[in-house]
Structure formats: C-alpha cells, structure tokens
Amino acid sequence: MSAQNSGFRAKVQKFGSNLSGMIMPNIGAFIAWGLITAFFIPDGWTPNETMATLVDPMINYLLPLLIGFTGGRMVYDIRGGVVGATATMGVIVGAEQPMFLGAMIMGPLAGYLMKKIDELFQAKIRQGFEMLYNNFSAGILAAILAMIAVVGIGPLVSGFSNILASGVEAIIGAGLLPLASIILEPAKALFLNNAINHGILTPLGSEQALETGKSILFLVEANPGPGLDILLAFSIFGKGVSKASAPGAIIIQFFGGIHEIYFPYILMKPTMIIAAIFGGMSGIFMLQLFDAGLRAAASPGSIIPIIAMTPGNSYVGVILSVIIATAVSFGIGSFILKTSKSNEEDLSASTKKMEEMKGKKSNVSSSLTGEEEDAAIETPVKDADEVHQIIFACDAGMGSSAMGASLLKNKFKKSDIDIDVTNKAINEIPDDADIIITQKTLTDRAKAKRPDAEHISVDNFLNSPRYDELVERLKD
C-alpha cells in the first residue's frame, strides 16, 4: 500500500512539476505586467494612458504565448516551442479571456505531436531536403493546430475556465477560502505547492487582477507567515541542531522566499502542521476582511516582492495577513513544542524523509545539516587551460543553481580566476560547457547530456568543499 501511495505521489509531483514548469520560467513577465499595471492604469500609482495600453496586450497575448512556447519546448526543445506558441495563438483568438489554461494545454500537445511526426518522417527525408521538411512540417502542423484551436479548443477551454473561475469566486464569496489551508499547508510538505500556486492560482489570479486590479489568490500560498512561525518557534523552543539552525533558516525563508527550508522542521515534528494550517487560514481571513490582494504573482514567496506587488489600498490587509498568520501559528507551534514530551527527531533524518517524499535531493535544506558529502563521482578531469565555461545545472536552472553559480563566481573573483560561470536548466546545458556542476541525483542526466565535459557532483549547492578544491586546481 505504501509503495502504491509513493508511486501515486510521484506521479502527482511530476504532473505538478510540469504545470509549474510552464509558469515559473515566465514569472518575470508576469511581474513586468504587474508593475506596469500597478503604475500606469487609471487608479495606479502614476497613471499614464499611453503606458497603460501595454496592459491588455501583455496579458491577452504575451503571457499565454510565453506559456505555450515554454510548454512546447519542455516536450520538444525549440522546435516544439515554436509550434506550441503558434498553436496557442489559436486558443487566444478563439476565447474572450486570457488563455493561460489553453496555453498550458496547447503548448505541450503541439510539442508532443511535432515530436511524433518527426519520429515518423525525419529519418526518411532525402539528403538536401532536410530544411524543406523541417520548415514546412512545423508550419503545416502549427497552422492546423491553430485553426482547430480557434473553432474548437478555444471556446471549450474558455467555457471550462469560466466554470473554474466562477467556482473560485463562489468560494471567495462564501468566505470559505481560508479552508484551502487545510489542503495547501500539508501539500507544501509534499512539494505540491508550486503546482498549486503557479499551475492553478497564478493563472486564475491574473485573470482576476485584470478585472479588479488585484487578487487574493496570489497570497493564498505565497504568504511567508506560516513558515516564519515554524522557524521562530524552533528558534525559541527547539532543541539541539534545530534550534541552532532555525534563525539562519528564517532569513532564507522570509527574505529569500525559499519556503522549502522549513519543511524538514515540520517533518521533524508533524504536529506542527496544525500551526501552519491555522496560520494560513488566519492570513487568508485577514485578506478577505480587508479586501486585500496583490497585483501580480509574488515569486519567490519573499516579503520583498510581496510588498512590491501590493496595491496602495491593500498594504494594511497584506501586512496584517503576514503578521497575524505568523502570530497565530507561532502561538500554536510554541504550545506544541513546549508541551511535547516525545524526543525530537534528528534534523538530518527529517531532511532525508523530506527528500524521499520529494523524490530528489533538496539543495537548500541540506545546508541545515552540514553532512559530509560522499566521494565525488569519477569523471574525466580537464586541465586548467582547457576550462573556459563552468555550468551549474538543476531542474529549472533557477534558485539553488543560481546561488551556487554566484558563490563560485565570488570565489573566482577573489582568486583572480577569469572563467565564465553561469547556471542553466539541465536540458539546456550548452555544447561548449567544460565543467558541469550538478546535485548528485542529476549527475547521470548531465553526463548523458554532455558526456565529454568534466562533471562535478555535489550534495549541496550552497556549501560544498568541491568549490574550494576547484578554485585551488584552476588557480594553480
């Protein structure tokens, strides 16, 4: 039964990862739209009629096309992305509201169909006709899908979106949205938070913000209050490693917006999920009470982008939602820790439990335990004069790999080493990468992608002894 549950959870996580994977790379565009909306619409901070003309085209065309392109590219690289974006144009024209959901359907579908068509015909194309086939096969498929989407898929998805939006509005109108925390807070520990937030709440919230100028949905998951309370409670009433590490984790969680950092603390003391649930519920209740929300998605879930995305008439509600969520859950969490008589589970064991549930190693939370890394996986070692580009690679090419790249850049700068260091998604590792640094569970994928490069495997992007070893080697 547990194996079945584990398999089901892995499938749900993979599906959720695909949903959020189409939104997260484009969060910058969502934020750009939110800032333009915040400043230039008639009731914005600095109304400007000319600049406000950007608002509707960006949400109706730019954002869905970006999602469609990203979805197609996830399935079949650039070729799938181009066909996916073109097919998404069909659902945009065939609908009357922003087609985020339609883009999340058409992008991957178009990429998949393009991939299958190439598998059937590409090997049979005679030499000299490859470009002719590549261009026309993609063009014909994209045109067909776009036309089908206009007359069929667009109206169908539009109707479904209306039903879904009406359901959300009904829940909000009935005052039942705080109950979402009963599902959402445990889902965070199962790593479904990005799927729910970026796969469902961000598209729905963007449509709502287009009509009302803000949406409460952007803060249902992103509120840092519930996680902050967990860490504050452990900072004061925890024991051993958990108490010592919690203050540092607060900075990463509250200001860095990486909520993953507090998940091991909940797994160490599962009853703390009660504190997170009530904290989340109280935060949402305050948002409803003050009719507050954000103009656009706040990603990562840091207090800094949350304040930046808050409209002028929502500051009180948003700030109070964070404070009240923290206070309520801190009170409950402190009571749980003070009255608990059971021995506290080791933090490193909780981190391992979290990683088993997540299905992969956690680059952020592993910094809590300070464990020794296993021996490096043996790979060809390049001479210093052969190294011109170093790539940090992770699933999305964001977050932890970016922090690792920044850390190594600083070490190189201090040692006067002039070598390019950057971060990429593992599927986008460039051909000219000389050294590729990945988290241990991704090293085999990276080696399969670029077998000629030198591969360095680490447990933790944030604090690995491999960096100092590399610096000394390249400096010498």
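Among the elements of the protein chain, mean pLDDT (the predictor's confidence in each residue, from 0 to 100) is lowest in helix H15 (residues 347–358), at 54, and highest in helix H4 (residues 55–93), at 91. Helices (H or I, at least four residues) and strands (E, at least two) are DSSP runs, numbered from the N terminus. This is a predicted model, in which local features need pLDDT of at least 70 and side-chain atom pairs count only at pLDDT 80 or more, while totals for chains, interfaces and linings use all residues. Residues are numbered from 1 along each chain as its sequence is written, and side-chain values use heavy atoms, with hydrogens and water left out.

The protein chain has a mean pLDDT of 79, with 80% of its residues at 70 or more. Over residues 369–377 pLDDT stays under 50. Where pLDDT is low, the predicted coordinates should not be read in detail.

Four strands form an open sheet in the order E2-E1-E3-E4, with parallel pairing (at least two DSSP bridges between two strands). Strands E2 and E4 stand at the edges, each with a single partner strand, so one side of each lacks a neighbour in the sheet.

| Edge strand | Residues |
|---|---|
| E2 | 420–425 |
| E4 | 454–458 |

Strand E3 (residues 435–439) pairs with E4 over 5 bridges in the parallel sense; Ile437 has Ile456 in E4 as its bridge partner. Helix H18 (residues 465–475) packs on the sheet, touching E1, E3 and E4; contact means heavy atoms within 4.5 Å.

Helix H5 (residues 100–121) has 22 residues. Its buried residues (under 20% relative accessible area, 1.4 Å probe, protein chains only) include Phe100, Met104 and Asp118.

Definitions and conventions. Axes fitted to C-alpha atoms, helices over the stretch in contact; angles between N-to-C directions. Expected span 1.5 Å × (residues − 1). Buried < 20%, exposed > 50% of the residue type's maximum accessible area, 1.4 Å probe, protein only.
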